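Thank you all for coming.

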Amino acid sequence: MTKTSTTRRPQNGPGPHRTGSLNRARWAAMRLLLGTVGRASAGIRIGYRHGFDSGSMLDYVYVNKAGGFPVVGHLIDRVYLNAVGWRAIRARRELLKGVLRKEIAQRRGGEGVGRGVRVLDVASGPGRYLQDLVAEYEPGTVRVECRDLDRAGLAQGERQAAERGLTGISYAYGDALDPAPSSDAPDIVVVSGLYELLLDDSIIEASVARLREMLAPGGVLVFTTQTHHPQLEFIANVLPNREGVLWEMRCRPVELAERWAAQAGFTKVASRRESVGLFTVTTARR
């Protein structure tokens, strides 16, 4: 879930919240604390190594097992993993898996079942949740392609899938915002955790329209939207992203995301909210 190099702030877009010398000093102190004492946490070290928005970071958050230096590091890591944003991302994963199970079930008895249901995640990172999903089905029932620009995340996912003996999942380098067509059009396209990293609305609008054209007839686009986050200011002033600059996100009303899908020609656009309440998962049918 990470994810593309096109996450930079548009020229006239919002910048980090840094107003006044007191605030600047406060954020500088937080960056110093996190970059020194905080590195006792395994999760925080991963964030500094790969970016706090990276697929490797999210993979660690999904596992949700505190690590780092004994005692102090583990305590810091547990506090870190219990942050509201990470709890919401784990809840988003469970909602997303439930939505995908339902979509797969609707297709298994339909035309073309012999080739398996085809799923494409255009910004997957290691794709741990997709590995879990594939493991639930008989071989050949579900075929998943994971794409990302993060080669380290793709390699990590390939290793994990091989260790689990999974044959229904593959990994390929690819840009979510400039996706190469698939040789076999997917039944389901997934965009999870990407659009909130993009600050330019027009990029998302274009992506939604482009992904519709990639789908097989009757296919569905499944994408996530971050509608709010109580720690945006902290994140934008303290945590570096994959590109080594401070990580900015943009929250949007789900109604706006649904409108973009409808304008792109999708039908039966519907959304559900995960249990923590920061993200929605939207389905849009071609």
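**Salt bridges and a covered helix**

R250 is partly exposed, because its relative accessible area is 31%, and that class lies between buried, under 20%, and exposed, over 50%, with a 1.4 Å probe and protein chains only. This is a predicted model, in which local features need pLDDT of at least 70 and side-chain atom pairs count only at pLDDT 80 or more, while totals for chains, interfaces and linings use all residues; pLDDT is the predictor's confidence in each residue, from 0 to 100. Residues are numbered from 1 along each chain as its sequence is written, and side-chain values use heavy atoms, with hydrogens and water left out.

The partner of R250 is D201, and their closest N and O atoms lie 3.2 Å apart in a salt bridge, meaning a side-chain nitrogen of Lys or Arg within 4 Å of a carboxyl oxygen of Asp or Glu. The pair links distant parts of the chain, 49 residues apart, with D201 in helix α8 and R250 in the loop between α9 and α10; helices here are DSSP runs of H or I, at least four residues, and strands are runs of E, at least two, numbered from the N terminus. D201 counts as buried because its relative accessible area is 19%.

A second pair, D187 and R118, meets at 2.9 Å, N to O, and both residues are buried. They also belong to a network of salt bridges with R143 and D184.

Finally, helix α3 has eight of its nine residues buried, and what covers them includes α2, α4, α5, α6 and α7.

Definitions and conventions
Contact = heavy atoms within 4.5 Å.
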